Amino acid sequence: MSESSRPSPIILVVASDEHRTVLTDEFASRYARDYDIQVTTDVLGVTDLAATVVAGGRHIALIAVDYGLEIDAVDVLDVLRNVSPSSRRIVLVPMGTFGASLDELRPALAVGRLDTYLLIPQGPRDEEFHTAIAEYLSDWATSTSTPEVAGVRIVDDGGQIEIAGIRDFLDRMAVPWTRYQPDSPVGRELLAEAGEGAALPLVSAFGRPPLTAATEHLVAAMFYGSPADLGDDYVADLAIIGAGPAGLAAAVYGASEGLRTIVLESEAVGGQAGTSSMIRNYLGFPRGVSGMRLAFRARLQATRFGARIFTGRPVEEMSVGDLHEIAYDGGVVRARAVLIACGVRYRRLGVPALEDLVGLGVYYGAATSVAREMEGRDVFIVGGGNSAGQAAIHLARFARSVTIVVRRSGLAETMSAYLVNEIATQRRIRVLTGAQVVDGGGDGRLEWIDLAVGPSTERHDADGLFLLLGAEPGCDWLPDEVSRDQRGFVLTGRDIPKSAWRGGLPPAALETAVPGVFAAGDVRAGSMKRVASASGEGAGAVAQVHAHLAPAPA
């Protein structure tokens with residue numbers, strides 16, 4: 001369907017008679033070109049209106065409810081949420097009742113009954129109001145709607161399991177994509193360009209020849225080119241391994257302070273944090289921020305200062321010396337200092353039948369790009385950390401039911417309280433404790449799973465299984481000189497055995513047993529395993545890198 005013929009998404013405003021005119025003007029003046037603005041004062045009939053819209057295949061991007069209604073605005077949002085769970089939900093508060101409304105709205109916001117509350121504009125150019133509206137519309141568009149612009153074109157016939165990884169990479173990199181069947185006009189054009197016998201999936205992007213037999217790794221590797229493009233004599237002041245929050249923070253601070261900074265990332269920029277649908281407890285983002293958007297902004301910030309980021313470049317080996325050498329698939333990077341910020345990877349489930357269905361209904365990580373395909377389906381999430389909680393809330397916007405499966409007796413031990421509280425208000429989410437996945441299968445894709453619950457085994461229909469099983473360090477390539485704990489996490493500072501201290505003194509707080517090699521974020525033993533703490537460690541490591549690189553006093 002072309003952009004011109006696709007129905008516009010809807011902004012639905014439920015207004016009191018007193019505020020109908022001002023709200024109609026505010027929304028229509030800014031958004032009428034791209035959205036169908038529907039303002040109603042019929043509170044009793046708005047549920048039927050929304051249901052009719054959704055039944056007709058239309059999307060409601062945003063629902064805004066006037067706090068000045070005669071009935072509770074949050075209750076109205078609760079009802080409309082059941083009709084259109086993917087809509088962003090806002091309460092609009094008149095200036096005169098703002099103070100009195102907070103006692104009700106703050107607790108409702110804390111448990112996810114609404115996304116935010118905003119003051120009704122009192123005059124023209126209320127940019128704070130429209131900034132918030134634009135952020136929520138953007139968040140809805142990136143997570144819910146189909147891209148309008150084909151930034152990357154993919155040709156596949158639906159039988160290639162690589163598609164899930166490719167789409168996930170592109171979504172995490174904030175790159176719009178569109179899929180085409182091989183017999184479509186675009187599909188035939190690209191296959192002809194690739195040549196006879198071109199293997200699917202085919203990816204056309206960035207003005208390069210079509211990539212055939214594409215995989216997530218191949219697409220990622222072509223995104224920014226290769227470090228070899230820097231030249232054989234290139235020596236970085238700081239080489240960062242991993243582009244999660246720690247690596248990106250280090251890239252911003254290192255490059256902004258004049259260090260020749262290079263970042264090697266095996267997958268997409270953002271790391272595991274980049275897969276989070278909404279991070280609500282990150283400082284400076286009162287309305288929350290998706291992991292993708294946080295990573296996108298940090299990436300632009302780092303590259304603006306001159307950092308060079310290369311995706312799809314997993315590190316294979318590292319040797320240490322006066323110049324440290326990092327071997328990746330295709331070459332070697334030399335650097336005066338190295339920051340290990342490669343984060344962690346999800347543990348494998350280890351059930352052969354389910355491993356065979358990875359990409360076909362079984363996914364490691366949040367796989368937010370797949371969420372839209374779970375509409376009206378039953379999905380299961382294995383894991384009890386924040387990533388699992390964020391994934392459950394996001395999937396509940398689409399799926400008929402979401403079941404969180406945990407071995408523990410509850411979520412409170414491993415998940416932030418704000419997520420536990422929000423999950424408790426979600427009718428589509430249930431938590432199954434003391435359980436684990438032991439089997440599963442289906443005809444070509446996932447159809448069922450077996451859960452061991454106590455002494456018995458239960459079979460459940462399942463259209464999606466998302467595995468967020470906890471973390472293990474992804475740094476098997478590190479040399480023996482870098483000390484690690486029994487689980488493989490990198491030791492720094494005073495945690496390093498005294499036998500590896502130099503001159504009887506411990507290394508700097510984020511420095512490893514090797515001078516000039518530092519560690520930050522989730523891969524570091526003893527770290528908090530949170531986005532904010534990883535960012536702080538990455539930034540803090542740069543100061544210690546400067547101290548290491550500084551000339552010795554005369």
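## Helices α6 and α8

In this predicted model, helix α6 (residues 162-172) packs against helix α8 (residues 216-223) at an angle of about 30°. Angles under 35 degrees count as roughly parallel, so that's the label for α6 and α8. Their axes sit 8 Å apart.

Who makes the contact? On the α6 side, look for Gly165, Ile166, Phe169 and Leu170; α8 brings Glu216, Val219, Ala220 and Phe223. Sorted by class, that contact comes to 6 nonpolar, 1 polar and 1 charged residues.

Next up is an open sheet of 3 strands, ordered β7-β6-β8, and its pairing is mixed. The edges belong to β7 (177-180) and β8 (202-204); each has a single partner strand, so one side of each has no neighbour in the sheet. From one strand to the next, the twist averages 20°.

Strand β6 (residues 152-155) runs antiparallel to β8, with 3 bridges joining the two. Arg153 is found opposite Ser204 in β8. Helix α7 (residues 185-194) lies across β6, β7 and β8, and runs at about 90° to β6.

## The β20-β21-β22 sheet

Another open sheet takes 3 strands in the order β20-β21-β22, with antiparallel pairing. Here β20 (435-441) and β22 (456-461) are the edge strands: each has a single partner, so one side of each goes without a neighbour in the sheet. The twist in this sheet averages 30° from one strand to the next.

As for β21 (residues 448-453), 6 bridges tie this strand to β22, and the two run antiparallel. Trp448 stands opposite Asp461 in β22.

How values were computed. Residues numbered from 1 in each chain as written. Predicted model: local features only at pLDDT ≥ 70, side-chain atom pairs only at ≥ 80, totals over all residues. Heavy atoms only, no water. Pairing = 2+ DSSP bridges. Helix = DSSP H or I, 4+ residues; strand = E, 2+ residues; numbered from the N terminus. Axes fitted to C-alpha atoms, helices over the stretch in contact; angles between N-to-C directions. Parallel < 35°, antiparallel > 145°, perpendicular 65-115°, else oblique. Contact = heavy atoms within 4.5 Å. Nonpolar A, V, L, I, M, F, W, Y, C, P; charged D, E, K, R; others polar.
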